[in-house]
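Colleague: I am new to reading models of this kind, and I would like a close look at one part, the surroundings of the ligand. Could you also place that part in the chain as a whole before you turn to the details?

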Amino acid sequence: MGLPPERGRRGNLSGARVQSRQGRFAIVEQLLADGITHMFGNPGTVEQGFLDAIESYPELRYITTLQETVAVAMADGYARASQRPTVVQLHSGVGLGNGIGMMYQAKRGGAPLVVIAGEAGVRYDSMDAQMASDLVAMARPVTKWSTRIVDPSSTLRVLRRAIKLAATPPTGPVFVALPMDVLDSELSEEVVATSIPDTRVAPAAEAIAAAAALLAGGSRPIAIVGDGVAFSGAQAELTRVVELLGAAVWGANFSEVNIDATHPLFRGQLGHMFGDHSRAITAEADAVLICGTYVFPEVFPALEGVFAPGAKVVHIDLDSYEIAKNFPVDLGLVADPKLTLGLLAAELERSQSPEQRAVAEARVGELAERKRRELAEAAARDLDFEGASPLHPSTFMSELARQAPGDLVVFDEALTSSPELTHHLPPSRPGHYFATRGGSLGVGFPGAIGLKLALPDKTVIGFSGDGGAMYTFQALWTAAHHGIGAKFVVCNNRSYQLLKLNVQQYWRERGVPDHSFPRSFDLGAPDIRFDELARAMGVPASRVESAEEVGPAIAEALEAEGPYLIDLLLHQEVPGHDEAAAHHRPVAGTRAHS
Ligand SMILES: Cc1ncc(C[n+]2csc(CCOP(=O)(O)OP(=O)(O)O)c2C)c(N)n1
Ligand SMILES: [Mg+2]
């Protein structure tokens, strides 16, 4: 009793009557029928029957993680690279609680995660015993849909709905609680592949014509774009549209290759912290194309004056919630970016006047010249750091660019070292660059492991700060345990450097003079030996402190068959801050004169 009719096989997809088997087996068969081959998790007693059932299905690979944050982050990386619904198994309320922060970032980023957690059983609902908690309520704020299976006869129906919702744009995490008694019950539901609706939808021709007219009429156009472009595979169409408009391109919630970073029109990210920084850019424009993102994802977004009075705003996205969420638009199009931008480009080619075309081309030329100048300045700055001790990130990144194979895929949580990383290894090829998103630290290393599982033939390097690395460092054990050959670089500046930069901005805004940073931003004492930590978990590692050590360490990492870690010791300087002269602390409550 309880064993599936055909162990290790898929369920009956023919529509014939299905022999009954326990839900814990049927669930695995459903996942396999949907082409789901990996489950990221951390086990517990209330999932034991289900995890035991998995052993009957070698096609489903269970990736053991040692902390739930790691499981979710790894699944997030896997889902981003594969663009497939990805299953995470957490243990009851305690495990779900550990996973919540990372589920938040998965929701912000739109990762199609199907998160499941076991619980003791419906029959124990009134007992309020150990580990009992309202899992559905816990998961609700960080998911698109949160539910619990309460009757065996709808086990697969509910699971399929969860998979469908996770994978349908706007994609995102869903949660299903699996009571043990329901999973132990016999059911005869048929396994059939989940129906995922097609969202390759294009606007009507009139709407495209209206969008083209609004945008082509501007003399200072910009495009604000995000990961919805990459999700739709719309990079080429976006590039054509912005070239036709001569529009500068800015990223918002932009953590993948939405446009080749070396393209002359790509100006960089709007930033994720201070809205005032973005407003200086957005308020200059008189025509704004927003595509595949939301405005604005900063922590402190500007509340008003974001677009110039009279500026025309067109927003294209598959998520109607995000269109005109905070500011009115002239035209919102709930549509697929690739189809819509393709049609928009064709319409612009047809309808732009020769003068409009000439002015747009001149703008492309000006912006190209500006970018050339800025890149030359950055290269000159890098030269100053050559051979510097302690090391500057550019010394490492430039050497990596020399040695990196063409198939390199990067997970970038390098934070304050990210500008050097993307300067030397510009994210150009779709599917070869993924950055942290959603604000939760600790996704860099597990995210890289998820990427490597989805892209086993590519070279994958995850970058993290020393702070970020410590949230999820036990992910390295999983890499060693399962033989997942991702490489890791800790950009180790022995501090929460980004927090130092942010507090500097806070001081400036409030006219507070420079003074020593809060001690809570320092990680230096004791020195964290990431190389030793890695070795302790079975991952070979080296510590790099001088310029001579950089080249050999990179070569060793790239040659290693399995995972490898580089503990890269970096300088701690914060531009505009003089630690030696900065002992003075302002008295609480006083406002300094600026
Ligand atoms: C889970 C989580 N906790 C805390 C923070 C706040 N936080 C933002 S940046 C930062 C410092 C990151 O330091 P590190 O990873 O060493 O990178 P660095 O800034 O030094 O380049 C912290 C703690 C966060 N974003 N996420
Ligand atoms: Mg740091």
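Modeller: Let me begin with the whole chain, which is a predicted model: a compact globule of 594 residues would have a radius of gyration near 25 Å, and the protein chain, with 26 Å, agrees with that. Taken along the principal axes, the C-alpha atoms fill a box of roughly 75 × 65 × 55 Å, and the secondary structure of the chain comes to 21 helices and 20 strands.

The domain assignment divides the chain into domain 1 (21–187), domain 2 (205–371) and domain 3 (385–593). Between the C-alpha centres of domain 2 and domain 3 there are 31 Å, and the two domains touch through eleven residues of domain 2 and 14 residues of domain 3. On the side of domain 2 that touches domain 3, five residues are nonpolar, four are polar and two are charged.

Now to the part you asked about. Around ligand 1 there are 19 residues, of which Thr-416, Gly-465, Gly-467, Gln-497 and Leu-498 come nearest. Two elements, helix H17 (466–471) and helix H19 (497–510), each give two or more residues to this shell, and H17 gives the most, with four residues. If you sort the shell by class, you find twelve polar residues, six nonpolar ones and one charged one.

Two packed helices are described by the angle between their axes and the distance between the axes. The axes of helix H1 (residues 23–33) and helix H6 (residues 155–167) come within 10 Å and cross at roughly 35 degrees, and this crossing of H1 and H6 is right-handed. In this pair, Gly-23, Ala-26, Ile-27 and Gln-30 of H1 meet Thr-155, Leu-156, Leu-159 and Arg-160 of H6, a contact whose residues divide into four nonpolar, three polar and one charged.

A second pair is made by helix H8 (residues 205–216) and helix H12 (residues 337–351), whose axes come within 9 Å and cross at roughly 65 degrees; the crossing of H8 and H12 is right-handed. Here Ile-208, Ala-209, Ala-211, Ala-212 and Ala-216 of H8 meet Leu-343, Leu-344, Glu-347, Leu-348 and Ser-351 of H12, and the residues of this contact divide into eight nonpolar, one polar and one charged.

Methods: Residues numbered from 1 in each chain as written. Chains lettered and ligands numbered in written order. Predicted model: local features only at pLDDT ≥ 70, side-chain atom pairs only at ≥ 80, totals over all residues. Near = placed C-beta within 6 Å. Nonpolar A, V, L, I, M, F, W, Y, C, P; charged D, E, K, R; others polar. Axes fitted to C-alpha atoms, helices over the stretch in contact; angles between N-to-C directions. Left-handed = near helix turned anticlockwise from the far one by under 90°. Contact = placed C-beta atoms within 7 Å. Domains from an automatic or database assignment. Rg over C-alpha atoms; globule rule 2.2 N^0.38 Å.
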